[in-house]
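Student: I have a model open and would like to learn how to read its features one at a time. Where do we begin?

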Amino acid sequence: MEAIHIYHTNDLHSHFENWPKIFALLRERKQWHINAGDSVYFFDIGDHLDLWHPYTEATKGKINTQLLNNEHYTAVTIGNNEGITLPYEALDHLYEDATFDVILANLYKENGERPSWLTPSKIYTTNEGTTIGVIGLTAYFNHLYELLGWQLTDPFYELEKELLQLRSKVDIVMVLSHLGINEDEEMAARFPEIDVILGAHTHHILHQGKLIKNSLLGAAGKFGHFIGHIVLTVDTATKKIIEKKAQLYDTSKLPAVQDEDSFVDRLYQEGKKALSSQVTTLSKSWSKKELALFLCQEIKTWCNADCSIINEGIILGELKEGPVSYFDLLTICPHPINPCKVTITGAELKEILIDMQNEKWEHLQVKGLGFRGNLLGKMICWGIEAKTIGERTVFYFQDKELVGDAAYTVALPDMFTFGNFFPAIYRAKEKQYFLPEFMRNIMAETL
């Protein structure tokens with residue numbers, strides 16, 4: 001019998017506070033398995049980087065590649081944080097110093113060629129000669145990839161292509177899937193020839209894995225809270241899997257690592273130092289509300305829209321009088337959120353403006369969609385004037401009342417097009433995304 005050990009991480013999002021415990025366990029376990037003569041592999045399933053962290057922002061993810069190199073990862077696939085929060089050139093050079101494989105089947109250049117730094121699938125051979133075919137897939141945000149200069153194809157289409165050529169060549173098939181739990185479950189149901197699916201993207205946690213038909217699903221949550229471990233027991237004569245098990249290790253329950261606090265602080269301070277260059281000098285301090293209103297005005301101009309809408313919670317702190325650095329702007333606006341221009345009718349805009357007055361927004365907790373704050377905050381608008389006439393509120397654009405069936409363009413953070421906060425925005429057919437600029441980049445340029 002042969003034991004194959006597969007360790008996996010996903011959605012670290014540059015939360016390096018758990019990385020010392022992760023690398024301590026991986027180093028220890030690797031030595032255990034080598035001493036026992038077993039084969040061991042390390043995989044990351046994407047979103048290892050997140051540009052909220054100053055060192056990731058300063059190096060455009062190169063520090064994340066270095067950390068994966070240090071722990072001798074076997075391979076990674078990319079998530080949407082690698083794919084659509086980095087400018088084209090930054091992603092194209094992200095892995096130039098990588099000592100691991102980058103496996104991704106559904107990403108191409110605009111001309112249809114694959115980038116030189118990735119392979120759609122890879123075959124690994126264990127100590128006992130068992131072959132493992134690994135395929136990588138990432139979430140299908142094809143329009144956003146196109147805006148950055150990439151071509152993203154349907155992941156299941158590419159999966160079928162890779163399975164066709166791998167089936168006769170390997171004993172075991174595994175997928176690194178940054179697609180999300182729903183797609184992983186569909187994949188397992190549709191393609192029972194897949195033995196293991198390592199998942200990510202939706203931050204789901206599968207403590208003992210999940211078996212669907214022949215496929216064992218594994219997933220380790222987010223932020224390095226867990227480390228995944230898959231054990232495959234294989235008959236060395238037939239190369240058939242006899243047993244497969246999945247488990248997670250809770251990093252909060254692992255032994256403390258020497259100097260782990262200083263490791264985390266050093267990365268943060270290195271990033272702060274790298275982002276210390278001055279953007280501007282303020283003649284007075286700006287409050288969070290003032291900065292939110294300023295940003296609301298500026299994205300209207302940036303997107304050349306009729307009006308703009310923003311949530312005050314997108315600004316996390318004030319700016320003091322005096323010099324302002326890129327680090328300061330990252331600190332108060334860490335979100336990988338781009339501006340977007342949406343076209344809606346006057347009737348829909350009026351409905352949104354009325355809904356914005358609801359106090360619920362100030363206390364609404366939001367996680368995901370690129371938002372790195374806590375509370376969404378009060379909704380504010382620029383470019384539309386509200387007047388109370390009798391008992392009703394009338395909205396004016398350029399001194400004329402909104403026309404119900406007329407088209408208006410609204411600039412806003414792209415998170416409102418992905419999350420169903422306002423149905424009219426979520427459903428809007430005409431959306432123009434502005435990439436790769438984040439909100440803090442607009443602030444840096446306009447301040």
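**Aromatic rings**

Tutor: Y88, Y95, F100, W117 and W150 form one aromatic cluster. Keep in mind that this is a predicted model.

Student: How many aromatic pairs does the structure hold?

Tutor: The count is 19 aromatic pairs.

Student: How is a pair of aromatic rings described?

Tutor: Two quantities are used, the distance of the centres and the angle of the planes. Take F23 and F263: their ring centres are 6.0 Å apart and their planes stand at 80°, so this pair is edge-to-face. The cut-off for that label is an angle over 60 degrees.

Student: Where in the chain do F23 and F263 lie?

Tutor: F23 is in helix α1 (residues 19-36) and F263 is in helix α9 (residues 260-274), so the pair links distant parts of the chain, 240 residues apart.

Student: Are F23 and F263 buried or exposed?

Tutor: F23 has a relative accessibility of 16% and counts as buried. F263 is buried too, with a relative accessible area of 14%. The cut-off for buried is under 20%.

Student: What kind of pair do Y41 and Y124 form?

Tutor: A tilted one, at 5.9 Å centre to centre with 55° between the planes. This pair also links distant parts of the chain: Y41 sits in strand β2 (residues 39-44) and Y124 in strand β6 (residues 121-125), 83 residues apart. Both Y41 and Y124 are buried.

**Helix packing**

Student: At what angle do helices α7 and α8 pack?

Tutor: Helix α7 (residues 155-166) and helix α8 (residues 181-190) pack at about 35°, and their axes are 12 Å apart. Their crossing is right-handed.

Student: Which residues make the contact?

Tutor: From α7 the contact uses F156, L159 and E160, and from α8 it uses E183, E186, M187 and R190. By class, the residues of this contact are three nonpolar, no polar and four charged.

**Cysteines**

Student: How many disulfides does a search of the whole structure find?

Tutor: The search finds zero disulfides. The test is a pair of cysteine sulfur atoms within 2.5 Å.

Student: What should I look for in the backbone?

Tutor: One feature is the cis peptide bond that joins L435 and P436, with omega at about 5°. P436 lies in the loop between β24 (430-433) and α15 (439-446).

Student: Which value of phi does S14 have?

Tutor: Phi of S14 is near 55°, a positive value in a residue other than glycine. S14 is placed in the loop between β1 (2-9) and α1, and S14 is buried, with a relative accessible area of 0%.

Student: What about phi of K60?

Tutor: That value is near 50°, again positive in a residue other than glycine. K60 is in the loop between α2 (54-59) and α3 (62-70). With a relative accessible area of 30%, K60 is partly exposed.

**Contacts of single residues**

Student: With which residues is G180 in contact, leaving aside its neighbours within four places in sequence?

Tutor: They are A200, H201, T202 and H204. The C-alpha atoms of G180 and H204 are separated by 8.0 Å, while the two residues are 24 residues apart along the chain. G180 is in the loop between β9 (172-178) and α8, and G180 is buried at 0% relative accessible area.

Student: And where is I241 found?

Tutor: I241 is in strand β14 (residues 241-250). I241 is partly exposed, with a relative accessible area of 23%. Leaving aside neighbours within four places in sequence, I241 is in contact with I172, D195, L232, T233 and V234. The C-alpha atoms of I241 and L163 are separated by 18 Å, and these residues are 78 residues apart along the chain.

Note on methods. Residues are numbered from 1 along each chain as its sequence is written. This is a predicted model: local features need pLDDT of at least 70, side-chain atom pairs count only at pLDDT 80 or more; totals for chains, interfaces and linings use all residues. Side-chain values use heavy atoms; hydrogens and water are left out. Axes are lines fitted to C-alpha atoms, for helices over the stretch in contact, and angles run from 0 to 180 degrees between N-to-C directions. Helices (H or I, at least four residues) and strands (E, at least two) are DSSP runs, numbered from the N terminus. A crossing is left-handed if the near helix is turned anticlockwise from the far one by less than a right angle, and right-handed if clockwise. Contact means heavy atoms within 4.5 Å. Ala, Val, Leu, Ile, Met, Phe, Trp, Tyr, Cys and Pro count as nonpolar, Asp, Glu, Lys and Arg as charged, and the others, Gly among them, as polar. Rings of Phe, Tyr and Trp (its six-membered ring) pair if their centres lie within 6.5 Å; planes under 30 degrees apart count as stacked, over 60 as edge-to-face and the rest as tilted. Buried means under 20% relative accessible area, exposed over 50%, partly exposed in between (1.4 Å probe, protein chains only).
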